Amino acid sequence: QKNDFWYKINERRLKRRRRRLTGRHSGFPQSSKFIPQRRKVLEDKVILLVEDNPDDVDLTLRALKQNNILNKVVVARDGVEALDYLMGTGAHAGRETRQLPVVTLLDLKLPRIDGLEVLKKIRETELTRLLPVVILTSSSEESDLVSGYQLGANSYIRKPVDFKEFIEAVRLLGLYWLIWNKPAPVGKEQR
């Protein structure tokens, strides 16, 4: 019975946080001038999705949308494109590099530069060293898991095969990294 009590308390907290995430009862009246400000806050919290499989990209975007995660999502289709975005080079030359994503969802099996090499370069660069990186992959190889953590991944999540499980995993990812987590000051030179 004691566990049921805490479960109900936590469910209420999750529902309140979900309402804040979706804008219902967020403190901003829905028909007021504050809606553009809320959109601006969500646009400032960019998610970088590094995924080469178009089906997985669509699946992830759909899961984010179904969970009312309205943040801007930048999709990089390979490791080079991801690093170009983060470092403001190549196709993303001139991008303000101090405005980094709030979280990077990184697949491991990528063309040109694989995910582990991308993670290594992120951790080697002073500007992106503290950037939260979540490995989101279908790989079940223990060597990938160990290498990911050794290189500084913040989390390692295996993509569930079942879509309902995947939606739930994305919901929890969104709650943790976009609502609950207090990020380090990334994009600033460290002393």
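# A guided reading of the predicted chain

In the protein chain, residues 24 or more positions apart account for 65% of the contacts with a separation of 6 or more, where a contact means heavy atoms within 4.5 Å. The structure is a predicted model, in which local features need pLDDT of at least 70 and side-chain atom pairs count only at pLDDT 80 or more, while totals for chains, interfaces and linings use all residues. Residues are numbered from 1 along each chain as its sequence is written, and side-chain values use heavy atoms, with hydrogens and water left out.

The secondary structure comprises 7 helices and 5 strands. Helices (H or I, at least four residues) and strands (E, at least two) are DSSP runs, numbered from the N terminus. Read from the N terminus on, the elements follow the order α-α-β-α-β-α-β-α-β-α-β-α. Of the 191 residues in the chain, 41% are buried; buried means under 20% relative accessible area, exposed over 50%, and partly exposed in between, with a 1.4 Å probe and protein chains only. The accessible surface of the chain is about 11,300 Å², and carbon and sulfur atoms contribute 50% of that surface. Such areas come from the Shrake-Rupley method with a 1.4 Å probe, and for residues only the protein chains shown count as cover.

The strands may be considered next. Strand S1 (47-50) pairs with S2 in the parallel sense over 4 bridges, and S1 also pairs with S3 in the parallel sense over 4 bridges. Two strands pair if DSSP finds at least two bridges between them. Within these pairings, Val50 stands opposite Ala76 in S2, and Leu48 has Thr104 in S3 as its bridge partner. S3 is in turn joined to S4 by 3 bridges, and these two strands run parallel; here Leu105 stands opposite Val134 in S4.

The side chains of these strands point in two directions. From S1, Ile47 and Leu49 point one way and Leu48 and Val50 the other, and all are buried. From S3, Val103 and Leu105 point one way, Thr104 and Leu106 point the other way, and all of them are buried as well.

Strand S4 contains Ile135. Ile135 counts as buried because its relative accessibility is 0%. Leaving aside residues up to four places away in sequence, Ile135 touches Leu106, Leu108, Leu119, Gly148, Ala153, Ser155, Tyr156 and Ile157. One of these residues, Gly148, is 13 residues from Ile135 along the chain, and the two C-alpha atoms are separated by 7.5 Å.

Helix H3 (residues 54-66) has 13 residues and reaches 18 Å from its first C-alpha to its last, close to the 18 Å expected at 1.5 Å a residue. The expected span is 1.5 Å times one less than the number of residues in the helix. Which residues of H3 are buried? They are Val57, Thr60, Ala63 and Leu64. Seen down the axis of H3, the buried residues fall within an arc of 135°, so they line one face of the helix; the arc is that of the directions from the helix axis to the C-beta atoms. The face turned away from this buried side carries the exposed residues Asp55 and Lys65. The cover over the buried residues of H3 includes strand S1, strand S2 (73-76) and helix H7 (163-180). At the start of H3, a side-chain oxygen of Asn53 comes to within 2.8 Å of the backbone nitrogen of Asp55.

Helix H5 (residues 115-124) also has a buried side. Its buried residues are Gly115, Leu116, Val118, Leu119, Ile122 and Arg123. These residues cover an arc of only 155° around the axis, which puts them on the same side of H5. They pack against helix H4 (79-87), strand S3 (103-106), strand S4 (133-137) and helix H6 (142-150).

Most residues other than glycine have a negative phi. Asn68, however, has a positive phi near 60°. Asn68 lies in the loop between H3 and S2, and Asn68 is partly exposed, with a relative accessible area of 33%. Arg112 likewise has a positive phi, of about 70°, although it is not a glycine. Arg112 is found in the loop between S3 and H5, and it is exposed, with a relative accessible area of 65%.

Key. A polar contact is a pair of N or O atoms within 3.5 Å; within protein, one must be able to donate a hydrogen and the other to accept it, and residues adjacent in sequence count only if both atoms are side-chain atoms.
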